[in-house]
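Please take a careful walk through the model shown here, which is a predicted one.

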Amino acid sequence: MKRSITESLVANTESLEWECRRCQHTLGPVAENYKKGCLIAQRDPKEIWEPLIEGVLNFSYDATWSRIVEFYCPGCGALLEVEMLPPGHPLTHDIELDLTMFTDENSADRSSKDSAQ
Amino acid sequence: MSLDQTSLDGPEIPEYMRVRPIEISTATMVQWLKPEPVGEAERSWVEQLEPGDYEIYDEKLKNILDEAREIFVRSGVTNLLTAGDLIVAIYTANGDLANASAGTYLHCVTGCLPVKYVMHKYYSDPTVRVEAGDIFYTNEARYGGIHNPDQMAFMPVFHEGELIAWTAALAHQPETGAIEPGGMPILARSRSDEGMKLTPIKIGQDYRIKRDLLDMMVNFIDRSPRMQEIDTRARVTGADRLRVRVQELAVAKGNDFVRGLLRKLVLEAEESARRRIARWNDGTYRAVAFADTIGREPALVRGMLTATKRHDSIHMDFSGTSPENDSSYNAFPHIVAAHAAIFLFAYPFHDLPASNGTLAPFEWDIPEGSVLNAAPNAAISNSPPLCCIVMTSVTLALSKMMFDSEDRDKIGAPNGNMGSEIIFSGTSQHEMPYADLDGCTLNTEGQGARPDMDGVNAYGFPWAHAGRAPDAEFYEDEYPFLRLFYHLRRDSGGFGKWQGGLGTETAIAPRHVPTMFWSSIGKSTHISVASGLFGGYPSSASPGIWVSGTDLWEKMNRGDQDLPEDAVSVAADRALQGEYLLEHLTRLTRIGYSGDLIVQLAAGGGGYGDVLERDPDLVLNDLKNGQISSWTAKEVYQIRYEEDSLILDETATEETRDSARQTRLKRGKPWDEFISEWSKLSPNPEALKYFGTWPEGVAETPVVRI
Ligand SMILES: [Zn+2]
């Protein structure tokens, strides 16, 4: 079974691998940070917001304060996640699923949990 | 530090009125957010409710609350009433919030705590006591408030000699008698710089406000005495209208019915919230958010959240958050919970009672010494602007937790979360002293994009979603300035498959008077606090612009046609003579002279999803409407179109987007390679002055406050 964990990421509950929703490329074990399976780039904010005047404050961001870090699917180049971080700031391990729910789910019906509300 | 260890709860207090004792300190007040245990009597009142009673009278209470809110708004003068920075609320006899009309959900957290404090500390104290007709009042964060501009009136509701409930009305008021005008002094370094702070006190008896205590407050609020007098009365009027209606309900249905109904609301809120949380995926969800100011100077401040969800409860751990500092950008744990509530009550639990029961599934772990759990003598008047880092990190972590559930429609990228406002004071053209803020930018930030739609442009005030911008021209009547422009700001929403809503921009110029004191609050000048979600980009940069010594009046008198119409043209075309200053959006109090131009920007919301997945027709629409530039359409969204007709070239767009994906694959590096290069970088040292060690954020020097 495949579960959409984010807009762009699927967790395959049988292979226990992350997959790109767009091209099904695998991004490593669900037990790991999916970002480890991505291609990663850091970009000067001026590539996203056009500087409109001269000077440091130019309606874009100052690259000495912040960068755009992009996480791509190596299979299709989809942009899976973006972080705006100060240069060199550790990347965020944002999603760490409790995998017992997949093992439970492989036997149990999830709808009993869903019907509670 | 413990402010007060005494507890006077004695056997004479019936169980349903008791508040469990906690250590009273800034670090521990958040514990009173948990609902009080339900005793036998209360349980039986809940059980005595007939089928249908809860549904009918829950609705009746909502109507009562809405009525009181309307009366409150119409009775007061502060602009923040129009903006919706208020709450009217009904509590159980021991201070649990049954429901509220908000306004701002902040006070769903903070309103409970002073009520519990009074019950805990003063109910049995013969020098205070709680009696029918009493009026209590407070604005002190140490006793459960957020910051002292938020003043709250609260009243016990008695019927047939029994205490059955409490009611409250609270609104932000932009003056506190601090070292600077406006109620949120940027230069405050300790609590002693922040003006009037009233612990919960009784300001009225027999349903009348005591003149001596009102005079005391008015005396404190010397820059805006009229506002203090009128708005104190407005708060009491709001609380009292609720008191009357709850009493009427008791007359009609009996005390046990009212007490059972109020408790059932708290219990139902908790049960419903837990049922909903149980259907989200268990796991650990992390988010980081950055502010770029501590008010008096630009500085990087990090908020870090690890939200661990197990079955029906969520542990919110803010370890890794920046250390406290000697500015007014600090907070206490209950203030953090209050800022989480802004998201929780508006998105995942929007249909549940605005009760502290709804928040019972959450545990709060906020390290002492961090900027979110500062020492009791810290200045905290700018805790709301600081807590944008809480609003953003909670929105991100919970949205990731909820996506794979039937509650996907209740998530979104963070809202603008910048809190942009110009604060002004002086003597007006009507020769009245004034101190107020411009609600125009404050109430028109962009909403974060959602899984199936763009964020709403100028959606509101992220601290009080329902907030409305006041009439832009109201200010010109009341205060001495002209508003040159006020409209949506192009390219301000975060780009993505779904685009963040746009924020606005405005420019004002002092007029009719020689001078006006002004300052401004804002952020996202150097790093955005409105992050994107699932591949969406954050909101755009927001500099502050000030042009002094202009020829604005001469140009207007001549009828010149080249007056600037937006922030970019002010800075780029420089049609006005004068000295131009581009700076951080948070600006210290200064003197503005007649004709100076003050430009203030509001932030857009975060974007959602990959920009290359955005429907090209939507991109073209945005271009036609002026919401994005042609540069953005081509360089970010990668669409191709006929320049004159703005007709889409589908084939070229598809090719361009495919090639943009190939460029990403060439640009991107595998994890290890990326990390080895990336981790060698560090930010501008100017950014790290208050950050602690890089990148851990551990305090290097103790904070000294005088
Ligand atoms: Zn892919």
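Of the 706 residues that make up chain B, 66% count as buried, and the chain holds 19 helices and 20 strands. Along its principal axes, the C-alpha trace of chain B spans about 80 × 60 × 50 Å. A compact globule with 706 residues would have a radius of gyration near 27 Å, and because chain B has 26 Å, its value agrees with that expectation.

In chain A, the point to look for is the zinc ion, whose protein donors are the SG atoms of Cys20(A), Cys23(A), Cys73(A) and Cys76(A), lying 2.3 to 2.4 Å from the metal. In sequence these donor residues follow the spacing C-x2-C-x49-C-x2-C. The angles among the four donor atoms run from 100 to 115°, and the site of the zinc ion is tetrahedral; for four tetrahedral donors in general, the ideal angle at a metal is 109.5 degrees.

Returning to chain B, the reader can find a nonpolar surface patch of about 290 Å², made by Phe517(B), Ile591(B) and Tyr593(B). Tyr593(B) has its place in strand 19 of chain B, which covers residues 587-593.

Terms used: Residues numbered from 1 in each chain as written. Chains lettered and ligands numbered in written order. Predicted model: local features only at pLDDT ≥ 70, side-chain atom pairs only at ≥ 80, totals over all residues. Heavy atoms only, no water. Patch = residues over 30% accessible without salt bridge, like charges linked within 9 Å, V, L, I, M, F, W, Y side chains within 5 Å. Areas by Shrake-Rupley, 256 points an atom, 1.4 Å probe, with all protein chains shown as cover. Salt bridge = Lys/Arg side-chain N within 4 Å of Asp/Glu carboxyl O. Helix = DSSP H or I, 4+ residues; strand = E, 2+ residues; numbered from the N terminus. Donors = N, O, S within 2.8 Å, 3.2 Å for Na, K, Ca; no water. Tetrahedral: all angles 85-135°; square planar, octahedral: opposite > 155°, others 65-115°. Rg over C-alpha atoms; globule rule 2.2 N^0.38 Å. Buried < 20%, exposed > 50% of the residue type's maximum accessible area, 1.4 Å probe, protein only.
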